Structures are given as structure tokens and as C-alpha cells.
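Here's a quick tour for anyone meeting this structure for the first time. Have a look at it, then read on.

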Amino acid sequence: MSKIHVTTTVNGDPVEFLADPRETLLDALRNQLDLTGTKEGCGTGDCGACSVTVDGTLVCSCLMLAAEANGKRVETIEGMAKEELHPLQRKFIEHAALQCGYCTPGILVAAKALLERNPDPTDTEVRYWLAGNLCRCTGYDKIIRAVQDAAAEMRQDHRGAA
Amino acid sequence: MARVHLWASLRRFAEGQEVVEVDATTVGQMLDALEKAHPSLGPAIKAGLSVAVDGEVIANNRAAPVGPQSEVFLLQRLKGG
Amino acid sequence: MARDDVKTGYKLIGTRPNRPDGLDKVTGRARYGADFSLPGMLHAAVVRSPHAHARIVKIDASKALALDGVKAVVTRADLPTGLTGEDLNLQDNTLAGDRALYDGHAVAAVAATSALLAQDAARLIEVTYEVLPHVTDVDAAMAPGAPVIREGVADYSVPEGMHGNVARYMEFGHGDVEAGFAAADIVREHTYKTEATHQGYIEPHACVGQMGEDGRGEMWVCTQGHWYIRRMSAAVLGIDAANLRVTPSEIGGGFGGKTTIFMEPLSLALSRKAGGRPVKLVMSRSEVLRATGPTASASMDVKLGMKKDGTITAGQVYFRMQGGAFPGMSPIGEALPCAFACYDIAALKHEAVEVIANRPKAAAYRAPGSPMAAFAVESLVDEMCRELKLDPIEVRLKNGATNGSKSSYGPVYNVIGLKETLEAAKDHPNYAIPLGPNQGRGVASGFWFNHGGETSVSLAVGEDGTATVMIGTPDIGGSRASIGLMVAETLGIPYEDVRVNVVETGALGVNEPTHGSRATFASGKAAVEAARQAIAEMCRRAAADWGIDAEAVEWKDGAAHPAGPNAGKHPPMTIGEIGSKMGSTGGPISGHHEVTAEGVGASFGTHVVDVEVDPETGRTTVLRYLVVQDAGTAIHPAYVEGQYQGGAAQGIGWALNEEYVYGADGRLQNPVFLDYRIPVASDLPMIDTVIIEVPNPGHPYGVRGVGETGITPPLPAVASAIAGATGARIRSLPCSPPKVLAAIKAAKG
Amino acid sequence: MRYHTPTSFADAAAIAAGATGTLRFLAGGTDVLVQMRAGMVQPDDLIDLKHIPGVDQVVQTPDGGWKIGIAVPGIVLGGHEGLVRDWPGVVEGMSLVGSTQVQGRATLAGNLCNGSPAADSVPGLIAAGAMVTVTGPKGSRDIPVEAVPAGPGKTTLAKGEVVSSITLPPRGKNGGDCYLRFIPRTEMDIAVVGCAVSLRLDGDKIVEARVALGAVAPTVILSEAAAQAIIGTTLDDAATAALAKAAEGAAKPISDKRGTKEFRIDVAGVLARRAAQIAYDRAKGPSKGSQA
């Protein structure tokens with residue numbers, strides 16, 4: 001069973017590795033690239049803990065082969081904070097929007113993708129966008145509040161910058 | 001003598017008594033005295049018991065005091081998720 | 001940062017600072033069970049029974065072992081014999097002996113150089129089964145003719161003549177129940193059922209184990225209690241606990257399900273067989289649902305007598321619960337005392353049996369037993385309130401337990417806050433919102449005992465005047481923040497100057513897990529005592545420096561102050577000054593406290609839910625939800641609210657859609673999140689919370705555990721709201737759309 | 001497992017035709033990877049179709065229909081103005097498949113070829129009268145969408161054949177469609193019942209209609225009786241009642257973990273009625289109907 005040479009960009013860094021043809025992008029990120037911030041909760045695309053973006057599109061990395069990432073641009077939770085935390089990350093801490101924190105990386109990646117498409121979502125839009133990100137601890141209340149607060153701050157910053 | 005109340009399904013191990021009087025100054029002495037008086041209670045005591053002494057729950061402390069007039073209720077050992 | 005309210009005079013307690021582990025958790029740096037790796041590490045996979053009940057005739061691993069890169073296979077033959085009691089149950093569940101007892105029961109495990117290879121190897125292990133008759137439903141398991149799954153399973157408590165699947169029996173009560181029913185205006189009796197549900201933590205069980213030929217080992221594992229993991233794993237493997245060092249990872253949720261072992265010893269057994277190479281074992285979601293510990297399923301008879309004015313004259317329950325194929329796992333011992341814990345009723349009778357069935361070994365799940373009991377009792381109370389046209393909160397206020405009430409299970413309640421929660425619910429705006437067509441409102445109260453337990457905590461003062469706290473209760477929902485607040489409050493130093501670490505088994509005395517809503521209560525209480533010890537020592541150091549008696553020194557605002565008539569005039573000596581020179585004043589300064597913590601304060605809550613039901617499809621939408629619960633003192637209110645909201649969400653899931661579905665073949669039909677339907681973000685409204693603070697006299701800051709009660713009221717509250725919306729009462733959870741639609745049609749005739 | 005990345009459908013068909021073991025095609029992968037993970041399928045050959053030029057495109061056909069590449073994910077369909085305008089029912093069916101994350105990968109062709117009777121995108125395609133181009137070793141052929149599924153997990157495609165595009169007909173004037181499904185939660189579930197209605201009006205009167213029901217039989221049902229119940233009507237109460245009755249009659253479901261037979265029959269009628277109303281309102285146009 002020969003391996004596949006994969007060349008890709010992860011959080012802006014060029015990486016290459018040899019993937020088993022059956023290996024998922026999730027497993028490659030975690031086991032080959034030591035990017036363990038992306039989590040597995042189900043392996044079937046039902047929980048969203050493994051959310052990453054590939055060429056800007058939000059996907060479950062458990063539902064994609066590592067080989068399919070060849071030539072693509074992958075962004076994970078590890079790439080979210082630049083010099084400072086992304087507003088979503090900061091607001092999640094401030095609003096206590098995490099308890100165990102296991103779903104948090106996936107929710108943050110998904111929420112960031114939402115706000116890039118829709119900077120001013122309704123609560124309902126946030127809830128449906130995040131419906132594929134299961135959280136068992138919080139009842140989602142504080143997550144929704146944190147996303148909305150971050151969105152408001154980002155809109156403010158955007159206006160300030162414009 | 002402290003009065004120890006047995007829950008209903010324990011009474012058949014104590015000749016049907018609902019209340020057993022024992023001489024004890026601690027929870028540990030009380031449990032030992034109970035088992036000595038009614039050896040059939042042994043498995044239940046070994047399985048783990050909590051007690052309430054004069055209304056206060058003692059989850060797991062053999063040294064907790066028992067007074068001469070104390071009312072003691074035996075409880076299942078409690079824990080949680 | 002200001003306190004939410006100022007009535008207590010605390011400086012830090014009641015504020016909402018950032019949690020210390022927050023940064024790691026929003027950046028992906030926090031290390032959970034599966035995030036840990038070691039050089040030379042192997043990966044493991046487990047072979048599981050596809051049958052609910054089968055004799056294991058033969059296990060042939062030769063094809064698996066022939067694969068390059070496969071390093072070890074273990075079966076039950078590799079584990080020691082001679083275990084008894086719960087140790088034997090744990091071993092039997094870790095790897096099946098001569099029989100597989102449920103769909104998903106582990107039969108063998110294999111370690112290889114990659115996870116994919118280990119999975120390939122597991123598929124090549126050939127197991128020959130002889131399928132045996134099975135039973136999975138709690139009532140069916142007690143029916144005449146049901147196959148007896150485990151001969152001789154009954155313990156001392158089971159009277160002669162009960163079904164061979166009955167493992168435990170319990171009965172208690174007080175007063176004259178028959179006289180109570182005779183005095184009632186109406187007496188009603190119904191049977192209620194709840195299906196098994198899973199804790200549904202998003203992180204699957206994961207560990208890395210390493211053990212050499214000398215029987216010494218280490219393990220990194222996601223768990224609620226690493227001393228439990230150590231004791232249980234050592235017992236299963238026949239080694240001494242001291243030879244096993246267990247380090248907890250960050251934990252991705254537990255809710256009771258990570259208080260015990262399921263596969264952890266396998267990593268050690270495989271490692272030992274593979275020449276001591278570390279072995280990582282990570283469950284898939286299907287393995288979690290099939291083979292870890294869901295809660296019990298229950299069938300419950302309830303009988304209540306009520307006067308026209310709402311006075312409850314007598315109550316009687318008979319609960320039947322199955323907790324899987326192993327005795328002692330159903331929560332009958334908790335469910336019965338919880339059944340009427342919210343009430344002060346003159347005559348009560350409680351009876352329960354535990355039944356064995358071909359299902360996985362149940363584990364604790366948030367307030368184990370209480371949600372089922374509440375579903376039965378609170379549903380019937382609601383039915384009788386509706387029949388007599390009485391307000392459900394008024395009826396609970398009329399019959400509710402209060403300070404000094406003798407509880408339904410024996411002890412006398414000291415200081416409790418049930419009535420405060422009921423009053424606050426009654427006064428909340430949600431309770432007055434008019435309902436539209438197809439909408440209904442449900443109310444229920446809930447209870448949990450709370451727990452203290454074995455606790456050991458250390459605290460060390462740093463050279464710079466900071467404090468490091470070592471606790472043994474893994475932090476699942478922000479307890480490091482809460483404990484840090486209490487220690488900072490006690491020491492009189494900034495919250496940011498206290499670091500709380502969850503440490504491994506080698507660093508403290510035995511700690512019980514984070515269970516029973518005990519972490520903030522018990523570890524917090526011990527941490528405060530440890531801080532007080534350190535304060536006493538710092539006062540001694542200051543006194544020695546000043547040349548006065550230690551008794552003449554008092555501690556306030558993070559510094560020693562001379563106090564009393566003979567202390568003389570000395571400028572305050574701060575913790576920083578004391579810490580900076582402690583090497584020359586007698587050595588390190590620390591505090592330590594260990595105790596089996598008593599003084600827990602019982603926890604009560606009241607929930608109000610409004611739902612709308614689609615009369616054509618039976619689908620329920622939760623419109624609004626209110627949780628009112630007594631926290632004693634809310635140390636970090638945001639995480640108290642989080643516990644209330646999370647508990648409510650889990651209870652709503654249990655009420656509406658979550659259930660274990662078994663086929664006629666005894667196999668679990670829905671072992672994936674696609675079909676095991678926990679609430680998603682779009683299913684829920686905001687969850688309103690009211691924190692009641694009736695301080696617990698048994699804790700230095702008045703803390704009551706807050707983790708568990710919140711899952712209890714949603715089951716009956718949601719079912720009662722559906723009854724209000726539709727006129728149809730669902731007495732068997734979940735209130736799934738097919739069931740609700742059928743009930744609506746039946747109610748219409 | 002061998003992972004193939006052909007750059008033409010002819011090559012893909014050739015690889016498939018020559019495969020001797022278990023073969024799977026990979027488009028979005030949201031079904032295949034789940035099956036691999038669960039150990040249900042261990043392919044010997046996996047053919048990734050996304051390297052074939054054009055598979056990620058949606059293009060308008062000369063007659064005003066839409067040709068949809070087999071690797072266009074749901075999130076692209078949902079953002080495609082022309083498709084959303086012409087065939088909102090088809091788009092909403094696809095948009096209901098899985099989460100936002102799954103939408104980033106899942107495709108119409110994959111949803112169709114997975115062969116699930118509960119596939120959310122299939123009733124809308126069938127109601128719309130969509131055609132599928134199938135490429136095999138002997139060339140290509142066009143067949144109606146409803147000719148592809150053959151029962152749970154099965155298709156009618158021959159060895160070596162692969163779906164190479166899906167084409168929606170021109171919407172034309174005064175048309176409207178809608179897909180509704182019933183699930184216990186608000187998201188993330190497999191349809192317990194699904195129903196798509198596509199219709200065309202002449203004034204207030206329905207002159208054409210197609211009604212497709214999902215998850216109530218081994219394959220999606222195209223119910224002529226249900227269509228006839230509303231053709232020639234203005235979708236008054238009598239017509240919707242007749243439609244519901246026809247849909248209930250057409251449904252031949254089983255009881256399983258997701259719903260009982262009785263429930264599915266009832267809900268098939270309810271959804272047919274509700275979907276027809278929305279399709280009707282859409283056909284009337286936004287100024288007259290209430291957009292759902």
C-alpha cells in the first residue's frame with residue numbers, strides 16, 4: 001500500500017508529508033503535523049469538532065482525505081490568532097462560552113467562517129450555521145452571545161478602520 | 001443508646017426491627033455494633049453506607065460523633081455524576 | 001472587576017474573571033486525551049462483540065499477528081484471574097471472559113505501528129461466537145421466561161422469589177401510606193418510562209499507557225478521576241496501585257461517564273506485551289456509544305394522593321431500572337431518595353429493583369437517578385395539578401421541603417433554598433407571558449444531594465508572593481477559576497496571582513473524581529483550609545521578624561498586620577515580602593489539607609419551560625426556558641450559569657429526542673451522533689437563569705455544588721409543557737414526534 | 001487502497017471498468033468517508049473525480065436550463081443566484097444535507113449515487129425533471145434522475161459507469177418548486193419523510209405538477225396520483241386535502257429507528273400539502289405569495 005506525497009499550505013506554512021491513501025486530513029493534521037488543536041468527536045461529520053477551512057471553505061477534516069488537500073490552503077485553529085487573539089477567541093474567554101473546551105476550536109473556526117460571509121448575523125443565523133458543531137456543556141447560550149459580541153466588535157473595528 | 005433506623009428492606013436482616021438501639025459514640029462504633037448484634041447486616045454495611053445523625057448526612061466518616069440520644073438513619077452510599 | 005451584587009462584602013468571590021485555561025482552549029493548545037504522544041508509541045484498536053449475548057468459543061489472532069507492524073494482541077487470557085466483586089466486574093467489562101454480555105463488549109485488543117494498521121489487524125482477529133438468548137428492555141428482563149443473563153447475580157438485598165435477573169432490591173419510607181391515600185380527594189397512579197441516554201461528552205475516551213516488564217506503568221488519560229483510574233486499572237491488571245502513575249489530560253466533558261474505566265487497562269496490557277512501548281488507545285464515537293456507560297433505563301410506577309387544595313397526602317413509587325449486564329450500576333439507590341426529596345409529605349413508600357439486561361455497563365450521568373425519578377413524580381404532580389386546576393408552583397410551595405423539614409429519605413434539611421427557587425420562578429416575567437395556540441408551559445423542581453468525598457489539596461507560596469494550588473479534581477467546567485477565586489479571596493491577593501493546577505496521582509493523596517457536584521465545594525473547601533494554613537505560617541514568620549507573638553498578628557489584604565494592644569507598630573508585611581525571604585526565615589511556606597469533606601448543602605432548582613407543538617407532526621419547539629437554582633454562593637457566576645444552562649440542555653435532549661434504540665437482535669441501532677440526537681444550536685432558545693444564593697453553612701464561602709440538579713427538572717417540565725400544548729400526556733420518554741403525534745391523535749379519539 | 005485522480009470521465013470509467021475489487025467514486029466524500037470510517041466499506045480502488053476539468057462548474061445550457069458539475073458542493077449551489085431563482089426547491093433540498101461543514105463538500109451527484117431513499121436532494125431533482133448524464137466505457141447516455149436509485153445503497157449504473165453531470169431543465173414561466181423534509185431536530189438529521197413539489201400555473205390554475213416523496217419507500221417515489229390531485233385546481237382546500245390523501249396513499253414506508261410507518265404516512269400528507277402551498281406561492285411570484 002504505497003503512500004501519497006502531499007504538498008499543501010497549513011496556516012500559511014508550506015508543508016509536505018506522506019499520507020496513507022485512507023488517511024483523513026484530520027488524522028494527518030493531528031498525527032503528521034502535530035496540529036492537535038483540531039479535534040475528533042465523531043469521525044462522521046456530525047459534531048464539527050474537526051472543522052477547518054480548505055481554500056476558504058469550511059469543512060469537516062474527518063470527511064476529507066489528506067490526499068485531497070494536495071495543493072490546497074488549509075487553515076486550522078492554530079492559525080487563528082495572529083499577533084493577538086482573534087476577537088472571537090477573546091470573547092469566548094470573556095463570556096465563559098466554553099466549559100470543557102473540546103468543541104471550542106471547531107466552533108471558533110466555524111464562527112470565523114460565518115462572520116467572514118455575514119458580519120451581522122441574527123441569532124438564528126448563528127445557530128443554524130453552527131448546528132453542525134455540537135457542544136454538550138454550555139447549552140449554546142453563551143456561545144451565541146460570544147459570537148454576537150465578537151461580530152459587533154469586528155463591525156465596529158471595521159467601521160473605525162474605514 | 002443511639003436509635004438506628006433501618007430502611008425497610010434491611011429490617012429482615014435485623015429480625016424485622018425498624019429501630020435498633022446501639023451503644024456507640026462514633027459512626028464507626030455504631031456500624032460495628034450493628035453488625036455484631038445482627039450479623040446478617042454485614043453485607044449491607046460492607047457494601048457501603050452513609051448515615052444521617054440527628055438530621056446531618058455523614059457520607060463517609062467513621063469518626064463522626066454519635067450522641068447517646070442520637071437518631072441515626074442509614075442511607076445508601078451516595079455519589080454522583 | 002466589580003461584583004455582580006455587593007451584599008456579601010467579598011472582593012473577588014462573585015466576580016467573573018477569565019478562566020486560567022481559557023487561552024489554551026481557544027488556541028487549540030490545551031492537551032486532551034488523544035493529543036498526547038510519546039516516542040515509539042503504538043496505536044491500539046479493540047475487537048468488539050457484534051452480539052448482545054454470546055459464548056466466546058474461540059479467538060484466533062494469528063492472521064492479525066502475521067501482519068508487519070502488529071506488535072501485540074491481548075485477550076482475557078492475558079489478564080490475571082481470581083478477582084472478585086466490583087474488581088471482577090471491571091475486568092469482565094474491560095475484556096469479556098467466556099461470554100460477551102452486550103453489543104460492543106470488548107473481546108480482544110491489538111497494538112500496531114499505526115491506527116489504520118491496528119484497525120486492519122482488529123478486523124483480522126477471528127472470534128467464534130455461540131449466540132445466546134438476550135434481553136435489553138427493563139420490563140422484558142423481569143418478565144417470566146426472560147433469559148437469566150447471569151446466574152447468582154442477586155446480592156444480599158434481594159428477597160427470595162424474585163426474577164433471576166434482579167440484582168438488587170431496596171425499600172424504605174415513613175408514615176401510613178394507605179391512610180394518606182384514604183385522606184386524599186383524588187388518588188392517581190401511572191407508569192412512566194425513561195430510555196437510556198448517554199452523557200454525550202464530545203471527547204471520546206482516550207489514553208496513552210506505558211508499562212514495562214517490571215509492572216511499573218504510567219498513563220495519560222482523559223478522566224474525571226485519575227485516582228479511580230489508577231485503583232481500577234491496577235485491580236484489573238493485578239498490579240499495585242503505587243506502580244501506576246496516572247496523569248489527567250484536559251477533559252472534553254464527562255458528566256459522570258468518565259468516573260470509571262472502560263478500556264484504559266488495555267493500553268497498559270498491550271504496552272507490557274509489546275516490550276514496554278507506549279500504546280495510545282482512542283475510542284471512536286460508535287465505541288463510546290456502544291461500549292461506555294450510558295445511564296439506566298427505567299420503568300416506574302407512581303401513586304399520589306392529593307386534596308382539592310393541593311395538599312399531597314401520600315406518595316408511593318416502585319422503580320425498576322436496568323444498568324446493563326453488571327450489578328450495582330443502576331442508580332436505584334439515588335433515584336429513590338430523590339423521588340420525593342422536594343416535598344414534605346407525611347406518608348411515603350419507596351421500592352425499587354435493579355435488573356440485569358444485555359446492555360453496556362451503566363455509569364453515572366449527571367445526578368444519576370434523579371432525572372428519571374423526577375420525570376415520574378413531577379409528571380404525576382403536574383397531571384393532578386391540571387386535573388384540580390391548581391397552579392403548579394403554588395402546589396409545590398404548599399408541599400415543598402424547607403429548612404428543618406425531614407427529608408423523604410431520612411436526614412433533616414438544614415438550610416435549603418427550594419422555596420426561594422419556587423418564589424423566584426413565580427415572580428419571573430417568563431411565568432406571566434401569555435401562551436398562544438399549540439403552546440404549553442411546564443414547571444418542575446429538582447434535587448441533588450451533592451457530595452463531599454475524599455479530597456487532598458496542597459498550596460505553595462511563591463517567592464514573589466503568588467500562590468500555586470495543587471488539586472486532584474480535573475477541571476471540566478471552570479473549577480480552576482472558582483478555586484482560584486476562593487484562594488485569592490482568602491489570601492487577600494489578586495486572582496491573577498493564584499495558579500491552580502490539576503496534578504497527577506503521585507503529587508497528592510487520594511482524591512475522588514470530579515463527580516457529585518463536588519469539585520468547587522470539596523476541593524475549594526480544602527484549598528481554603530490550605531490557604532489558611534499558609535496564612536498561619538506567614539503570620540508566624542512576620543511575628544518572628546517583628547519579635548512579637550504570632551497571636552498578635554492578623555492577616556488581611558494579602559499582608560500580615562500587627563494587631564492587638566501589645567503588637568507594637570510595624571508596617572504590614574505583604575505576602576510578597578514574606579515569600580521573598582522565606583528561605584532565610586524557615587524555608588518554604590505551604591499549606592495542605594486533606595479530608596473526606598462533609599457539610600454538603602443540598603441543591604434544589606425549579607424550571608419553567610414554554611413549548612410549541614406542531615399538531616400535524618408532533619414536533620416540539622422549545623420557545624423559552626428558565627432555570628432557577630440555589631447555588632449557595634456563586635463563586636464565579638458565569639460558570640454557575642453555564643452549569644444551569646448545560647444541565648437544562650441535556651435534560652431537554654433527554655426529554656425530546658435522545659434514546660438508546662435496540663433492535664430485536666439486541667444491537668444498538670443508533671451508535672452515531674446522526675441518530676443519537678443531542679440538541680444542536682438551532683434546537684434551543686437562550687436559556688434564562690436566576691441564581692439563588694442561600695449560603696451553605698457547611699462551606700467557608702457558602703458553596704453548594706451546582707453541576708447536577710439542572711438536568712433533573714427538564715424531563716417532567718418539557719413533558720408537562722407538551723401536555724399543556726396538546727392535551728396529550730407523554731409518560732414514556734423521549735417525547736419524540738411520532739410518539740407525540742400518536743398521543744395527539746389518541747387524545748382526539 | 002489505490003487512490004486515483006483521473007482527469008477525464010473516460011479515464012475514470014476505464015479505471016472503474018478495470019477494477020476487480022471494491023470500488024468507490026469520490027466527489028464530496030461525505031458518505032464514502034463515513035462508510036470507510038465505520039468499516040462498512042474498505043475500497044480497493046477510490047476514484048477521485050475532482051481533478052476532471054469542469055466538475056466544479058454550474059453552467060447555463062443553451063435552452064436556459066442548468067448543467068451542474070458533479071463536484072459542485074452544496075454551499076456553491078446555495079450561493080448561485082440563477083439556480084436559487086429558478087429552482088429554489090432543488091437548492092433547498094441540497095442545502096438541508098448535513099451541516100455547514102458538510103455543505104462545503106457534499107454534492108448532488110454524491111447524494112444521488114449514495115442510493116439513500118432519504119437523500120434530501122433527490123426528491124427536488126425528480127420533481128424538477130432533472131436529467132443525469134452517465135459516462136461509461138461505451139460512451140455517455142442521458143437518463144432521468146429517478147432512473148438512478150435502485151434501492152437503499154444501490155444504483156442502476158453498470159460497472160464502469162459514472163454520473164458525469166446533472167442537468168436541470170429550463171424553469172420557464174410561472175413555475176415554482178419546494179422541498180420540505182421532516183426531522184426530529186432542526187438540523188443534522190436524516191429525513192424521516194421528504195417531499196418535493198414542482199408546478200406551473202396558468203393564471204391561478206395549476207397546469208403541470210410533479211410530486212416526489214422521499215424516505216417512504218426503498219427509492220424516492222414520483223407520485224402521479226398526487227400530481228393529478230392538484231393539476232387543474234387553484235390549490236384550494238379540497239385540492240390540498242386530495243393531495244395529502246394521495247401522498248399518504250403513495251407512501252409505502254417501514255417502521256425503523258427514525259420513525260414509525262404510521263407517522264411517516266401521516267407526515268407525507270402534511271408535507272405534500274405544505275410544500276405544494278409554498279411552490280404555488282413561488283410560482284405566483286414574490287409580490288403575491290408569501291415566501292417561505
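Chain D splits into domain 1 (2-48 + 58-168) and domain 2 (175-284), with bounds that come from an automatic or database domain assignment. This is a predicted model, where local features need pLDDT of at least 70, side-chain atom pairs count only at pLDDT 80 or more, and totals for chains, interfaces and linings use all residues. Residues are numbered from 1 along each chain as its sequence is written, while chains are lettered from A and ligands numbered from 1 in the order in which they are written.

Taken over C-alpha atoms, the centres of domain 1 and domain 2 of chain D sit 24 Å apart. Where the two meet, 24 residues of domain 1 of chain D are in contact with 25 residues of domain 2 of chain D (contact: C-beta atoms, placed from the backbone, within 7 Å). On the domain 1 side, helix H5 (88-95), helix H8 (121-128) and strand S8 (149-151) of chain D each supply at least two residues. H8(D) gives the largest share, six residues. Helices (H or I, at least four residues) and strands (E, at least two) are DSSP runs, numbered from the N terminus.

Now for chains A and C: their contact takes 42 residues from chain A and 43 residues from chain C. Helices H2 (87-94), H3 (104-117), H4 (123-129) and H5 (141-161) of chain A each bring at least two residues to the side that touches chain C. H2(A) gives the most, with four residues.
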